[in-house]
Amino acid sequence: MNFGQYVIVTFILHALFFFSIFEIFLTSPIITGLDSLPPKNHRLAKRAVIVSIDGMRHRTFVLKKDDGELRAKHILNRACKTGVYAKSITQLPTESRPGHVAFLGGFGEDVSAVMAGWKKNPVPFDTVLNQSRAAWAFGSPDIVDIFSEPAHVTGITYSEDLEDFSTSNADYLDTWVEKQFELFMQEPPASVNQPGIIFFLHLLGTDTNGHAHRPKSSQYINNVDVVDNIVQNVENIVNKFYGDNETAFIVTSDHGMTEWGSHGSGSKDETVTPFVAWGAGIKHNNAQSCHSFLDPAHEKIDQIDISPTISLLLGNSLPANSIGIAPFSIFSTSSKNLHELKVTNMRQLWHQYEAKSSSSGISYPKISYEKLLQIENSDTLQTEFLEDVVNGIQFHHKALRPVLSFIVISMMISWQLVSVGLSARFLVDDVRRPKFSMLFFVIAALTILGLTIHYRLSVRNSLWAFAAMWSFYYSSYYCKTVFQLVKSSKPLVVLKLFFGVSFVAFLTTLIFNYRWLLSLVFIIFPFFNAFIAARTSKYSRSLIASFGILSIFPILPTIADSGIHRWLVVATLIFGTICFQQSSFSSRLQTKSMLSILLWMSLLSQTLICISDLFSVKPPDLSTYISWAVFFLSWTNPFLECQDVRCRFHAISISCLTVYCLLSTFYEGIFYIVLVWSLGEWIAVEIPLSNFNSAKLKENSMLFSDVGKFKKDDLRRSLVFIFFILMAFFGCGNVANLNSFSPSSILPFVHVFNPFLRGFLLFFKVILPFLPVCVAFLIIIRLLNIPFTAIFHFLVVFSDLMAFIFFFKVRDGGSWMDIGLSISYFSITLLMFLSLTLLMCAAHLMTHKKWKIRPFSN
Ligand SMILES: [Zn+2]
C-alpha cells in the first residue's frame, strides 16, 4: 500500500467511524409505521381542556401571596376539592419542544433531532391531539405548529413578532390566547359537540418573563395570577357552553426554570413542574396533600404518563409511540372499566414491544405473550407488568449497541495495525515486505460474520460489518510486520510504550473537561524533559519560567465568562510593539518596518474601538478599514521574510499576533505572547543554539519526507506538540465557548451582526494560535531530520486512541448542551490528525524558501 492509498482509506474509515455514532447511539426511539390500537375502555370524559404553562416551575406555582392566599388560587382549589395535584417530573432536555412532545406524545426527546439542529422532530410522530376526534390548539407558533395536523388539529397562533423578549411584561401572550378562545367559543364549529375532542391552550408568557426578568421577578410571579384567572375564565366559558359536567381539565407545564432564567439541564427547578387535573373522570383523592404542596414527598407523576392519561379519559386511541403508563389511581370509574383502562394501556405498549423485538435478534426474558394473556385475564391487573414492557421496549432500542460498537471499534483497531505496520520502516532497520496473513483475515472475518448472523443485523447495520472486513483485509498484510516489530524489541519496552501512549491519550481526553490538568502538564514538563531527554541534561531556566507562566492561563476563567476588558488588549499591543522594536532579533528582520506598521495599525484600531466605547458612540469606520488591511497584509509578511529559520518563525508569530489582537477582548494577546515565548524556548532546548541561529530554510523540501528514523525522543517531541496544540485551544477557552462566542470580539471587523462573517472570524481566532505551534514543530522536525510521514502515522494512532475514549462517552440523554458537547469532543479528537496535518501543510507553505521575494531593495 503506498502512502496516497493509505491516506484515502484512512479518510474513508474515519468518516465511517464518525457517522457510526448516529447509527449506534443517536438513534430515534420512534418506530415508524406503527398503527394505533382501538381503545378497549369506555370514555370517562367527553372532552378535555389542556393548559400548558410554558416554563412554569412547581416551586413558584404553589407560592402564596403576602396575605397568605395562594397565587394559583382557582387551579389549586380545584385540585384540593375535586381533583388531584402532583409534581410532574419532566424529561431531559428541559426544553419546550421535547416537553410538549413528552406530555402530548408520551415519549422523551428523539436524539436523532441533533441532525436537524434540535429544531424539529425528524420523524413524524403521534400525539393525543391527532388521536382525538378534533382538536383546537391556541398559542405560540413555535409549539402549536409542531402539533397542527390538517385532518384533526386546527392551530390558532399569533405571529412570531409578538414574542418580544425586551418587553416589560409578556403576559399579553397569555391574554391573547384567552381572548382567541373566547372569540372561538362565541361561534364554534359544529364539531365541538362530538365526544373525544381537545382544546389545547399554550401560554408562553411565563417562559418569556422568566427568560427576560428571571423567575424571582414580579413579572414571572404575577404571571401565575394571570394564568389562574385565564383558567378560571376558560372553565366558566366551557361549562356555560356545554352545561354537562363532562369536561376534564388538565393544567401542566413543559419544563421549569433556573434562578437565572434558563432551562435545558436537569436541576430540580427545571424538571419539577405542576400537574393538576379535575373534572369528568378524575377522582378526588389527595385532600390532605393539597396543603403541603412544598412537601418533598408529595405525589409525583412522570411527564410522559400524562399522554396516556388524556387518551384514556377521552376513550381515544393512545398515541402509537407513547411509552407512558397512566396513573390509574386518579381515575374515577368502576373497577371493571378500570381493568379495561389498564388493558388498553398494556396492549398499546405490547404492540410497540412486538415491533421492536421483531427487528432485534436478542430476546428479553422477563416478558412473554403468554404472561400478557394471563395477566390480562386476571381480576387484579398489576401495573408492574406494564413497567416490564416499557423496560423491554427500551432494552430492544439499545440492544444492538454493544455488538455494533464492537464491530466499529475492531474496524478502527485493525486500521491502527496498518498505521503501526507502515511506520515500522522508520523504527527498525530490516523490515520484511508486507505479506498477507490468511489466518488473521479468516479469524477476524468469521468473527464479524458470526456476529452479523447471530444478531440478525439489518442490511443497514451489516454495512458496518462490511466496512470492518475491508479494514481487516488491509491489516492482514501488516499484522506480521507488527508482530515482527514487537518480537524484535524487548517485551518490557513494548509494554511501557503501549501503556505510556495510552495513558497520555487518556490524560488528554480528561483535559477536555478539566482544563487545569493542562497547567499541571506544563509545570511538570520542563523537569520531566530534562530528566528524559538524553541530549539536554541541564535544566533550562527560561524554559521553566515560560512554561510556568503559560500554565497560569488554563486556570483563569475562560474569555467567554470573564467579560470584555479591551484596554488590556491595547496595553498588550503597546508592550508587544516596544519589545519588538527593542529586541535584538528584530534588527536582523528584513521586513522590520512592515511588521512595525502592522503592529501600529492594530494598536490604532483597538484604541479607536476603546475610545468610542468610552463615549458610548459607534466606532468609526476607519477602524474597520484598518483592521481588514492588517488582516490581509499580515499574510504577505511571513512569505516575504528572510530565509533564516529563526527570523521566519518570529515574523510569522508577530504577523499572527497583529490579527489575533484585533480579535481579542481580554488577556488573549498576553497568552499568545507567552505561548510564542514558550515555543521559542522549546525549540532552543531541542536544537543546539548554534544550529538554530544558522539554520537556513531548505530548497524544495517536501513536507511528507520519508528520509530519517523515528526515535523514542521523537515520540516525546510529538507528544509535546500535541500538548502545545491543546494549550493553544484550551488556553483561553473551552469547547463550550465556541457557541457563546461574544460578537463584541469581532467589533474591529464588523459592526453589524452577520452570522457567516462571525463564524468565519471565530474559526480564524481559534486557528491562529495553532500556527506558531505548527511552525515551531516543523522547524524541529526539519532540523532534526525527523520524517513527517512517521509523525502522520503517529497522529492517526494517537487521535484514534482519544476518539475511542470519547466514542464510549457519546450521550443520548441529558441537555442539548451535554449531548452536543459529547459529539463535538468525539469529532474533534477523531479529526485531530487531519486538522493538524492541514495546519502543518500551512506551516510548510509559510516556511518554504520559494516564497522569498525581497520587498525593499535596501
Ligand atoms: Zn424557554
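Helices (H or I, at least four residues) and strands (E, at least two) are DSSP runs, numbered from the N terminus. The structure is a predicted model, in which local features need pLDDT of at least 70, side-chain atom pairs count only at pLDDT 80 or more, and totals for chains, interfaces and linings use all residues. Residues are numbered from 1 along each chain as its sequence is written, and side-chain values use heavy atoms, with hydrogens and water left out.

In the loop between α15 (438-454) and α16 (459-488) sits Arg-456, which is not a glycine and yet has a positive phi of about 45°. Arg-456 counts as exposed, at 56% relative accessibility; the cut-offs are under 20% relative accessible area for buried, over 50% for exposed and in between for partly exposed (1.4 Å probe, protein chains only). Ser-616, in the loop between α22 (592-614) and α23 (621-640), likewise has a positive phi, near 50°, and is exposed at 66% relative accessibility. A cis peptide bond, with omega near -10°, joins Leu-92 to Pro-93, and Pro-93 is placed in the loop between β2 (83-89) and α4 (96-105).

Next comes the metal site. Asp-207 (OD), Asp-207 (OD), His-211 (NE2) and His-263 (NE2) coordinate the zinc ion at 2.0 to 2.4 Å. His-211 belongs to helix α7 (residues 205-213) and His-263 to the loop between β6 (247-252) and α9 (268-271), so the two histidines tie together parts 52 residues apart in sequence. Donors here are N, O and S atoms within 2.8 Å of the metal (3.2 Å for Na, K and Ca); water is not among the atoms, so sites may look incomplete. The arrangement is irregular because the 4 donor atoms subtend angles of 54 to 150°. Four donors count as tetrahedral if all angles lie between 85 and 135 degrees; four count as square planar and six as octahedral if opposite donors are over 155 degrees apart and all others between 65 and 115; anything else is irregular. His-263 is buried, at 16% relative accessibility, whereas His-211 is partly exposed, at 29%.

Finally, two helices cross. The axes of α17 (residues 491-511) and α30 (residues 788-807) come within 9 Å and cross at roughly 55°, which makes α17 oblique to α30. Axes are lines fitted to C-alpha atoms, for helices over the stretch in contact, and angles run from 0 to 180 degrees between N-to-C directions; under 35 degrees counts as roughly parallel, over 145 as roughly antiparallel, 65 to 115 as roughly perpendicular and the rest as oblique. Among the α17 residues that meet α30 are Val-501, Val-504 and Phe-506, and the α30 residues include Phe-798 and Leu-801, contact being heavy atoms within 4.5 Å.
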